[in-house]
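Reader: I have not seen this protein before. Could you take me through it by question and answer?

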Amino acid sequence: MKKRSTLLSLTLLLTMSLVTACGGGGNAAPGGQGGSAGGSNDPSQLIIATGGTGGTYYPLGGGMADHITKNAGITATAQATGASAENIRLLRDKKADIAFTQNDIAEYAAKGTNMFEKDGKIEAFQALGALYDETIQIVVSADSNIKTVADLKGKRVSVGAPGSGTEVNAQQILEAYGLKFEDTQLQRLSFADSAKAIQDGQLDAAFQTAGTPTAAITELAATKGVKIIPIEADKIDAIIAKYPFYVKTTVPANTYQTVPEEVTTVSVKSMLVVRADLSEDLVYKVTKAIFDNTDKLGHAKAKEIKMDKALAGVSLPVHPGAKKYFDEKGVK
């Protein structure tokens, strides 16, 4: 009997060992995050979903990709996209791993509202950290007779790429003036294509939500000349009352060479989000590579990325890897 008992014990031990080796009894966190290096959901290289080539996301994402490649032990590449809303869908579909988005768009995705009504709630992403204010800039040529948002009625107006955060911002700002998309000759063009269309006289105005200075506007100012249309104080108050993720802001004087005065408008917050199923170790290294090198990202907007503001305005759950990094830095 003793022999059989010993044999039975050995058999049970062997069975338990095999189950554990196959992943049956691991300590992985919910959602497959594991928390260790080389997680099963980690890709061999990282794709950073950015925005159009004429905006701020794309060049800034390129700088981040360089530092992730140098410091996180994994190759990263910036990819031009339709920006915020498309980027979150790319994370959901595992066609991107890190993405730029606006805080308002991230909230819509998490709740399944606005442009995400058909998608339903998207839970495949978490916050990495907040970056800087993204300013809604309404751009016209320097010789345009458009002076206020109300003047956009009946005009040829671009509201950004289809499904972009800019598109929703434009809708909400026009709403404050009693206008709808149907009241304009609507076009949905990227930042770069909008600038070219204004230069060629094929477009009257363009909404662009991006960090200032925005490359496409800077280039247009140098060739055609631009004006930035202000939003009046009472309209800003109404916008913020209905959509509290907006803040009043100004485009500083001389941000663009043909705009010598400051312009009052509104901003939302830009942020980075990541696939929720990436390992804690990988996201920790990525977060460190970005926030330890904000002074070396090669874009003027990087100066506004502050460590102590990295979680400001973030309503999403923060990825455990990013949280570990910010905990070490005392950021709350």
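Reader: Which residue just after α5 takes a positive phi of about 75°?
Author: The model is predicted, so local features need pLDDT of at least 70, side-chain atom pairs count only at pLDDT 80 or more, and totals for chains, interfaces and linings use all residues. Residues are numbered from 1 along each chain as its sequence is written, and side-chain values use heavy atoms, with hydrogens and water left out. Helices (H or I, at least four residues) and strands (E, at least two) are DSSP runs, numbered from the N terminus. The residue just after α5 with a positive phi of about 75° is Gly 178.

Reader: How many of the twelve residues of α5 are buried?
Author: Helix α5 covers residues 165–176 and reaches 17 Å from its first C-alpha to its last, close to the expected 16 Å; the expected span is 1.5 Å times one less than the number of residues. Buried means under 20% relative accessible area, exposed over 50%, and partly exposed in between (1.4 Å probe, protein chains only). Among the buried residues of α5 are Glu 167, Asn 169 and Gln 172. The helix is largely enclosed by the rest of the structure, because the number of its residues that are buried is nine of the twelve.

Reader: Is Ser 164 buried or exposed?
Author: Ser 164 lies in the loop between β5 (156–158) and α5. Leaving out residues up to four places away in sequence, Ser 164 touches Gly 82, Met 115 and Val 159, where contact means heavy atoms within 4.5 Å. Its relative accessibility is 3%, so Ser 164 counts as buried.

Reader: What span does helix α2 reach from its first C-alpha to its last?
Author: Helix α2 runs over residues 57–71 and has 15 residues. Its buried residues include Tyr 57, Met 64 and His 67, and just after α2, Gly 73 takes a positive phi of about 75°. At 1.5 Å a residue the expected span is 21 Å, and α2 comes close to that with 21 Å.

Reader: How are α3 and α4 oriented to each other?
Author: Two packed helices are described by the angle between their axes and the distance between the axes. Helix α3 (residues 84–92) and helix α4 (residues 103–111) pack at about 45°, with axes 9 Å apart; axes are lines fitted to C-alpha atoms, for helices over the stretch in contact, and angles run from 0 to 180 degrees between N-to-C directions. Angles under 35 degrees count as roughly parallel, over 145 as roughly antiparallel, 65 to 115 as roughly perpendicular and the rest as oblique. The orientation of α3 and α4 is therefore oblique.

Reader: Which residues in α4 do Ser 84, Ala 85 and Ile 88 in α3 meet?
Author: The three residues of α3 are Ser 84, Ala 85 and Ile 88, and their partners in α4 are Ile 105, Ala 106 and Ala 109. By class, the contact has five nonpolar, one polar and no charged residues (Ala, Val, Leu, Ile, Met, Phe, Trp, Tyr, Cys and Pro count as nonpolar, Asp, Glu, Lys and Arg as charged, and the others, Gly among them, as polar).

Reader: How are α6 and α7 oriented to each other?
Author: The axes of helix α6 (residues 191–199) and helix α7 (residues 215–223) come within 9 Å and cross at roughly 15°. Phe 191 and Ile 198 are among the α6 residues in this contact, and Leu 220 is one of those in α7. The orientation of α6 and α7 is therefore roughly parallel.
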